[in-house]
Amino acid sequence: NTEEDYVWEMSKAFKFPCELPSLILGWYNDYINDLMWIKQNSIILLIHDYDLMLKDEKMLKCEIIDDFLEITLPWWEGEVVGHMVGGKPRRFIVYLEH
């Protein structure tokens with residue numbers, strides 16, 4: 001229902017290695033563009049009940065989806081190579097279940 005709830009649930013789902021100093025999107029975005037502790041070459045994120053996600057925070061919901069489209073997915077499709085030591089592209093797929 002809130003930004004903090006979303007970040008907390010995502011940190012649990014991705015098993016972030018350290019507790020976030022603050023449950024805000026800025027810290028979450030740093031971790032979601034790291035994921036070096038995940039060994040799989042493909043990552044699939046399924047967001048259940050997308051229509052209920054942040055239903056009272058529509059602007060925030062749009063910001064999160066825009067971040068995936070503009071930052072996270074391009075990062076893992078190839079930008080990671082020139083910016084992270086040992087970084088290699090991965091398939092990162094996001095499914096939104098209504």
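Buried means under 20% relative accessible area. Keep that cut-off in mind; the model on screen is predicted.

**Stop 1: F92**

Select F92. The residue sits in strand β2, which spans residues 91–96. Is F92 buried or exposed? Its relative accessibility is 8%, so F92 counts as buried.

Now show what surrounds the side chain. Leaving aside neighbours within four places in sequence, F92 touches F14, I32, L35, I43, L45, F68, T72, L73 and W76.

F92 and P74 are 18 residues apart in sequence, and the distance in space is 9.3 Å.

**Stop 2: helix α1**

Move to α1, residues 3–13. Colour Y6, V7, M10 and S11, which are buried.

Step past the end of the helix to K15. K15 follows α1 and has a positive phi, near 50°.

**Stop 3: E9 and K12**

How many salt bridges does the count come to? The count comes to one. E9 forms a salt bridge with K12, and their closest N and O atoms are 3.4 Å apart. Both residues lie in α1, three residues apart, which is about one turn of the helix.

E9 has 44% relative accessibility, so E9 counts as partly exposed. K12 has 42%, so K12 also counts as partly exposed.

**Stop 4: α2 against α3**

Select α2 and α3 together. Their axes come within 11 Å and cross at roughly 25°. Angles under 35 degrees count as roughly parallel, and α2 and α3 are therefore roughly parallel to each other. The crossing of the two helices is right-handed.

Display the side chains at this contact. From α2, select L25, Y28, N29 and I32. From α3, select L60, E63, I64, D67, F68, T72 and W76.

The contact between the helices includes I32 on α2, and F68, T72 and W76 on α3.

Technical notes
Residues numbered from 1 in each chain as written. Predicted model: local features only at pLDDT ≥ 70, side-chain atom pairs only at ≥ 80, totals over all residues. Heavy atoms only, no water. Helix = DSSP H or I, 4+ residues; strand = E, 2+ residues; numbered from the N terminus. Buried < 20%, exposed > 50% of the residue type's maximum accessible area, 1.4 Å probe, protein only. Contact = heavy atoms within 4.5 Å. Salt bridge = Lys/Arg side-chain N within 4 Å of Asp/Glu carboxyl O. Axes fitted to C-alpha atoms, helices over the stretch in contact; angles between N-to-C directions. Parallel < 35°, antiparallel > 145°, perpendicular 65-115°, else oblique. Left-handed = near helix turned anticlockwise from the far one by under 90°.
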